[in-house]
Amino acid sequence: MTATDLEQGERRDADELPAPPALGGIDHLEWWVGNARAFVGFLEAAFGFDVVAYAGPETGRRDRVSYLLQQGRVRFLVSGALGPDSPIAEHVRRHGDGIRDVCFLVDDVETAYQAALARGAEPERPPPTDRDEPGCVHHAAIRAYGETVHTFLDRNGYTGPFAPQFQPSDLAPPLGPNVGITKIDHVVANVELGRLDDWVTFYEQVLGFDQLTHFDEDQISTEYSALMSTVVWNHETVVLPINEPAEGRKKSQIEEYLDFYGCPGVQHIALATSDIVATVISLQSRGVRFMDVPPEYYDEARERLAGVDLDWDALQALGILVDRDHDGHLLQIFTETVTDRPTVFFEIIQREGARGIGEGNFKALFESIERAQARRGNL
Ligand code: FE2
């Protein structure tokens with residue numbers, strides 16, 4: 001069943017459905033890229049990740065290489081093809097480098113997978129049949145937006161590095177100052193025009209998520225472009241904002257993403273830190289480039305955040321954005337896109353109580369993104 005089918009009224013009576021999969025959080029994100037070794041080097045040098053495990057021809061894998069990177073509780077699996085017939089090669093040809101898999105930890109893969117299918121998910125990869133030996137990694141996958149998949153994974157009893165065929169990496173640890181990223185805060189999807197509600201329904205029905213917030217185009221618009229966004233979450237560890245383009249005077253940043261990625265996909269990954277000033281100073285010294293912020297933003301932000309004790313001079317010097325809601329405030333900053341195509345970027349976020357995603361900053365952010373779009377001739 002697709003999100004469109006769900007919209008067309010094929011909802012089942014909730015009483016007939018099994019409970020949604022109980023997710024233990026995001027286990028890892030898998031990147032499919034054109035040159036895994038080079039992309040891994042970039043994530044090490046620029047973002048301070050450690051390479052902790054490796055799988056490839058030397059470990060018995062013939063079709064791909066994969067590197068597991070870690071920082072705090074963030075884990076990226078970066079995979080590249082070893083030949084032209086690999087699905088990774090085809091994925092890269094169509095989309096460029098990007099996120100293939102947002103992988104969830106579960107207690108029992110079979111139960112989670114069957115529940116997701118019963119609740120309307122399309123199968124991508126069933127659990128392997130030889131899954132009964134003790135101490136192995138169980139996995140299965142369902143399809144999500146675009147060509148993105150969600151793997152359900154449990155490694156109950158497994159004690160090896162990451163998964164079978166992986167060995168501890170012998171790459172030297174990266175040089176440079178500590179970055180201090182602690183965990184994934186949220187993972188944002190861009191979906192097609194008119195499909196936001198379908199995908200919200202997908203996450204509600206298949207995974208039992210609820211809506212945390214919704215913003216329509218009246219709230220998120222600039223002179224040129226607009227978008228609508230709904231945040232779905234599992235009330236704990238998984239927060240997935242979903243964006244849809246809206247009519248604007250010129251091409252929206254979501255449309256630019258969809259044009260270059262070729263279909264819906266992951267737009268940005270928000271990485272949490274407990275000290276964003278130190279993290280951004282470290283990242284800048286490592287060569288990471290961030291969206292520029294107009295000076296006028298800080299005139300407006302100081303009024304909006306009046307009464308909050310902040311080092312405004314440091315925030316303005318580094319280009320860090322600030323927002324508040326009734327639970328507290330947050331600080332955030334966005335990198336330039338990290339892929340050749342203008343598609344995927346990172347956010348660094350420090351939460352001081354606030355649970356939002358920085359909606360008060362959207363307008364300032366989008367005006368900055370539009371300046372970058374204009375430089376690429378895509379506005
Ligand atoms: Fe975000």
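The legends below describe a predicted model in an overview and several close-up views. Residues are numbered from 1 along each chain as its sequence is written. Local features need pLDDT of at least 70 and side-chain atom pairs count only at pLDDT 80 or more, while totals for chains, interfaces and linings use all residues; side-chain values use heavy atoms, without hydrogens and water.

View 1. Helices (H or I, at least four residues) and strands (E, at least two) are DSSP runs, numbered from the N terminus. Of the 379 residues, 55% are buried, meaning under 20% relative accessible area with a 1.4 Å probe, protein chains only. The C-alpha atoms fill a box of roughly 60 × 55 × 40 Å along the principal axes.

**View 2. Three residues coordinate the iron ion.** The donors are H186 (NE2), H268 (NE2) and E347 (OE), at 2.0 to 2.2 Å. Donors are N, O and S atoms within 2.8 Å of the metal (3.2 Å for Na, K and Ca); water is not among the atoms, so sites may look incomplete. In sequence the donor residues follow the spacing H-x81-H-x78-E. H186 belongs to strand β10 (residues 181-190) and E347 to strand β17 (residues 345-352), so this pair ties together parts 161 residues apart in sequence. H186 is buried, at 1% relative accessible area, and E347 is buried at 1% relative accessibility.

**View 3. The largest nonpolar core has 96 residues.** Such a core is a set of buried Ala, Val, Leu, Ile, Met, Phe, Trp, Tyr and Cys residues joined through side-chain atoms within 4.5 Å. W31, F76, V78, F152, Y203 and I269 have the most contacts inside this core. Helix α5 (residues 196-207) supplies its largest share, 7 residues. Another core, of 11 residues, lies apart from it and includes A53, A55, L68 and F162.

**View 4. Y54 and Y67 form a tilted aromatic pair.** Rings of Phe, Tyr and Trp (its six-membered ring) pair if their centres lie within 6.5 Å; planes under 30 degrees apart count as stacked, over 60 as edge-to-face and the rest as tilted. The centres of Y54 and Y67 are 5.0 Å apart, with 55° between the planes. Y54 lies in strand β2 (residues 50-55) and Y67 in strand β3 (residues 64-71), so the pair ties together parts 13 residues apart in sequence. Both Y54 and Y67 are buried.

**View 5. F76 and F346 form a stacked aromatic pair.** F76 is in strand β4 (residues 74-81) and F346 in strand β17, so the pair ties together parts 270 residues apart in sequence. Ring pairs link W31, F39, F42, F47, F49, F76 and F346 into a cluster.

Definitions and conventions
Buried means under 20% relative accessible area, exposed over 50%, partly exposed in between (1.4 Å probe, protein chains only).
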